[in-house]
Amino acid sequence: MPSTSAESVPAPVHRLVPSPAGRSHLVEQGEGPLVLLLHGFPESWYSWRRQLPALAAAGYRAVALDVRGYGRSSRPAAVDAYRMEELVEDNVAVVHALGEDGAVVVGHDWGANIAAGSALLRPDVFSAVGLLSVPYAPPGGPRPSEVFAGMAAGPEEFYVSYFQEPGRAEAEIEPDVRGWLAGFYAALSADTMPGPDAPDPHFVARGGRLRDRFPAGGTLPAWLDEAELDVYAGEFERTGLSGALARYRNMDRDWADLRAYHGAAIAQPSLFVGGSRDASTTWLAEAIEAYPKTLPGLVGSHVLDGAGHWIQQERADDVNRLLVEWLAGVAP
């Protein structure tokens with residue numbers, strides 16, 4: 001695929017397209033094979049702001065989506081409206097609304113899970129899958145809520161369990177969205193995360209708050225400036241956090257819904273990029289080791305030394321290079 005200079009790439013365009021939930025908001029840039037970009041928690045399409053022009057310059061139609069529950073996309077009230085099967089159908093609807101039959105799908109954090117689910121459930125639409133930060137682990141095994149409850153250490157509670165009860169995390173976050181986001185981003189960024197002797201920010205003390213474990217001092221990570229933080233904060237101040245947190249509240253439903261796919265491999269060409277200082281990568285090291293069986297179409301697996309969780313923002317140049325190299329082989 002021939003590339004063009006960044007200066008000659010058209011400006012990004014915001015669009016609303018129909019989806020099963022009502023509407024999906026997306027930002028697209030460039031022309032060529034379609035690459036659908038899915039963000040994680042607590043982010044938005046904006047987390048791909050450094051990938052959109054790079055992919056467009058490389059000759060791709062890059063489309064960053066506000067996942068259901070975020071930004072200008074629809075936010076159904078029912079918690080069970082955020083199960084994986086419905087999010088996959090949103091992605092299919094976006095592809096078709098853009099006049100395409102198929103796409104490459106790339107996701108970060110929860111977006112990686114949704115991208116994997118899209119490739120698994122709709123291989124007729126999604127021809128290749130890229131996963132950032134969160135490795136692929138096939139559906140199945142013990143019920144997720146039991147797994148996360150078992151991760152608690154003594155008087156602590158794992159953050160995924162903390163997010164389960166509707167309204168609980170919202171009561172912590174929504175009075176100070178901007179401050180909470182700044183602390184959460186800093187807690188999982190390589191240059192600002194707590195030291196090895198500090199309490200783990202992935203756990204909550206019984207009766208405490210997640211923000212009690214965030215780094216003190218309010219220093220933003222190098223990848224995020226005040227204006228960029230304002231963009232994220234402004235979206236969540238407008239929408240609240242319930243739609244975003246609903247994804248955590250459907251993990252047991254997904255486990256049941258996807259029973260037919262328990263243990264299933266993803267056959268399409270795939271890519272994984274993680275950070276060496278990201279707990280998602282280290283805790284799920286066995287999932288990465290299992291890739292020869294679970295991702296038989298794997299083209300490349302990369303763990304970037306010294307990188308944290310927000311990898312496409314922390315290490316944008318590295319991620320852009322890896323994505324463009326991979327796409328050249330899977331979506332020429």
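Guide: Leaving out residues up to four places away in sequence, E86 touches R68, D80 and A81, where contact means heavy atoms within 4.5 Å. This is a predicted model, in which local features need pLDDT of at least 70, side-chain atom pairs count only at pLDDT 80 or more, and totals for chains, interfaces and linings use all residues. Residues are numbered from 1 along each chain as its sequence is written, and side-chain values use heavy atoms, with hydrogens and water left out.

Visitor: Which helix is E86 found in?

Guide: E86 is in helix α2; helices are DSSP runs (H or I, at least four residues), numbered from the N terminus.

Visitor: And how exposed is E86?

Guide: E86 is partly exposed, at a relative accessible area of 30%. Buried would be under 20% and exposed over 50%, with partly exposed in between (1.4 Å probe, protein chains only).

Visitor: How far apart are E86 and A21 in space?

Guide: They are 8.4 Å apart, C-alpha to C-alpha, and 65 residues apart in sequence.

Visitor: OK, at what angle do α2 and α3 cross?

Guide: Roughly 80°, and the axes of α2 (residues 84-97) and α3 come within 9 Å. Axes are lines fitted to C-alpha atoms, for helices over the stretch in contact, and angles run from 0 to 180 degrees between N-to-C directions. That makes α2 roughly perpendicular to α3, a label for 65 to 115 degrees.

Visitor: Which residues make the contact?

Guide: M84, E85, L87, V88 and N91 from α2, and N113, I114, G117, S118 and L121 from α3.

Visitor: Switching topic: how many residues are in the largest nonpolar core?

Guide: That core has 100 residues, and F41 and F163 have the most contacts inside it. A nonpolar core is a set of buried Ala, Val, Leu, Ile, Met, Phe, Trp, Tyr and Cys residues joined through side-chain atoms within 4.5 Å.

Visitor: What gives the most to this core?

Guide: Helix α3 (residues 110-121), with eight residues.

Visitor: And what is F41 in contact with?

Guide: Setting aside neighbours within four places in sequence, F41 has contacts including Y70, W110, F163, W180 and W310.

Visitor: Last one: at what angle do α7 and α8 pack?

Guide: Helix α7 (residues 177-187) and helix α8 (residues 226-239) pack at about 120°, with their axes 9 Å apart. The contact is made by residues including L181 and Y185 of α7 and L229 and F236 of α8.

Definitions and conventions: Helices (H or I, at least four residues) and strands (E, at least two) are DSSP runs, numbered from the N terminus. Angles under 35 degrees count as roughly parallel, over 145 as roughly antiparallel, 65 to 115 as roughly perpendicular and the rest as oblique.
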